[in-house]
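Subject: Structure handover

Dear colleague,

Here is the structure I said I would pass on. Please look through it first; my notes come after it.

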Amino acid sequence: MIEGERSFSLVIAPEHAPPINPSPWYAFRYSAQPGGDVTVRLSYLEAKHRYAPKLTRNGVVSELPVSIANDERSALVTLPEGSGTVSAQPMLSSADYAAFARDLVRDYGGERLDLGRSLDGRPIEAIRFGDVSADATIVILGRQHPPEVTGFYALEPFVRALARSMQQDKLLGTRYQILAVPLLNPDGVDRGHWRANRGGVDLNRDWGAFTQPETRAVRDWLASHAKLTRPVVMIDFHSTARNLFYVQGDEAGATNARFLETWLAGKEAQFTGYPFTIEKRNANPGSGTAKNWFFECFAIPAYTYEVDDDANPAETATAARLLAADFVLALPALARSDVSPRRDTGGRCLPDAIP
């Protein structure tokens, strides 16, 4: 809406309402002739202002001045003369993730896998590292929720560090394989959704129900390889208001407790610029999160790696690399005899019919 010669307003609305934990994503291009700053009012439906506006010009990202209303339902953004793209977070599309996968395979070997197709026909791509005959699989997921870009600031160096470790330590690669799915929701990302996929479903509430092709693609790969390998740990990368790890609570057994103690405990303030907290709780029981499904079905450590919305990319990456090194050292804590698949009779975990 035009409010004046150099002032405009935009309504930011979700793809479906009401979203869980609103993540009001927005992005637009602008071009302003000389004559002073331009102001754009962002008015939110079903949400409050969350993400500081970022200006991208010639590949350089910078934060813009913003004035937030008292009720946080709107924000006034000031734009300089010239042109650029304004977005809630730096824009990473499915093309960027394809380039990441290509670079990983080039640098560290491995294999790019097409696990399936989204509703829009985009590939659900995975990268696999390690010996394909290894009977223990590390599962890594990312970008289930489109606006949670800062999660990739951690996922990218974390996966690179693990791949490098496998390249340097051949024994590690024979014991474990990695299945990394950095972009689980390509439709939501490329369409600019707040939370859901093309089907209007929050993918991190679909584990167990498997109504959507994206979550089914991961489940079906696990099912088709169930006689050869099984998950022993799962890490799901997200973003929220602060750095934290959601881990198992009282339901965790001795093996899970030992792995947590070895990997993360006591390191909350160890990394410069990246303090984090550990929350031990059975968050959202029965709601279909990846964290809960992987634990309920395989009795393994299944953690949500949450990165601050405003995290510094360099500090986040440094911490992720160091955490990846500690992760490798913690793997022996997963006593194989203590971690075993748990299948229910209803086939809720891994169906037997997958070829």
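This is a predicted model: local features need pLDDT of at least 70, side-chain atom pairs count only at pLDDT 80 or more; totals for chains, interfaces and linings use all residues.

Residues are numbered from 1 along each chain as its sequence is written, and side-chain values use heavy atoms, with hydrogens and water left out.

Cavities

A cavity is a set of points on a 1 Å grid over the protein atoms alone where a 1.4 Å probe fits but cannot get out, and its lining residues have an atom within 4 Å of a point. Grid points are joined across faces, edges and corners, and the volume is the space filled by probe spheres set on the points. There are 2 cavities of 30 Å³ or more.

The largest cavity has a volume of about 40 Å³. Its lining consists of Tyr97, Gly142, Arg143, Glu148, Val149, Gly151, Phe152, Leu155, Pro182 and Phe237. By class, that lining has 6 nonpolar, 2 polar and 2 charged residues (nonpolar: Ala, Val, Leu, Ile, Met, Phe, Trp, Tyr, Cys and Pro; charged: Asp, Glu, Lys and Arg; polar: the others, Gly among them). Helix H2 (residues 150-168) gives the largest share of the lining, 3 residues; helices (H or I, at least four residues) and strands (E, at least two) are DSSP runs numbered from the N terminus.

One of the lining residues, Glu148, sits in the loop between strand E12 (136-142) and H2. Glu148 is buried, with a relative accessible area of 4% (buried is under 20%, exposed over 50%, partly exposed in between, with a 1.4 Å probe and protein chains only). A polar atom of the Glu148 side chain lies 2.9 Å from the backbone nitrogen of Ser239.

The second largest cavity, at about 30 Å³, is lined by Ile138, Leu162, Met166, Leu172, Ile178, Val328 and Leu331. That lining has 7 nonpolar residues, no polar and no charged ones.

Aromatic rings

The structure holds 23 aromatic pairs (rings of Phe, Tyr and Trp, the last by its six-membered ring, with centres within 6.5 Å; stacked if the planes are under 30 degrees apart, edge-to-face if over 60, tilted otherwise). The rings of Phe158 and Trp263 have centres 6.2 Å apart and planes at 55 degrees, so this pair is tilted. Phe158 lies in helix H2 and Trp263 in helix H6 (residues 254-263), so the pair ties together parts that are 105 residues apart in sequence. Phe158 is buried at 0% relative accessibility, and Trp263 is buried at 0%.

Phe259 and Tyr303 form a tilted pair, 6.1 Å centre to centre with 45 degrees between the planes. Phe259 is in helix H6 and Tyr303 in strand E17 (residues 302-308), so parts 44 residues apart in sequence are tied together. One aromatic cluster is formed by Phe158, Phe237, Phe245, Phe259, Trp263, Phe271, Phe276, Tyr303, Tyr305 and Phe327.

Positive phi

Most residues other than glycine have a negative phi. Phe210 has a positive phi near 55 degrees and lies in the loop between helix H4 (186-191) and helix H5 (213-224). Glu72 has a positive phi of about 65 degrees; Glu72 is in the loop between strand E7 (66-68) and strand E8 (74-79) and is partly exposed at 36% relative accessibility.

Regards

Definitions and conventions. On a 1 Å grid over the protein atoms alone, a cavity is a set of points where a 1.4 Å probe fits but cannot get out, and a pocket is an open set with protein on both sides within 12 Å along at least five of seven lines; lining residues have an atom within 4 Å of a point. A polar contact is a pair of N or O atoms within 3.5 Å; within protein, one must be able to donate a hydrogen and the other to accept it, and residues adjacent in sequence count only if both atoms are side-chain atoms.
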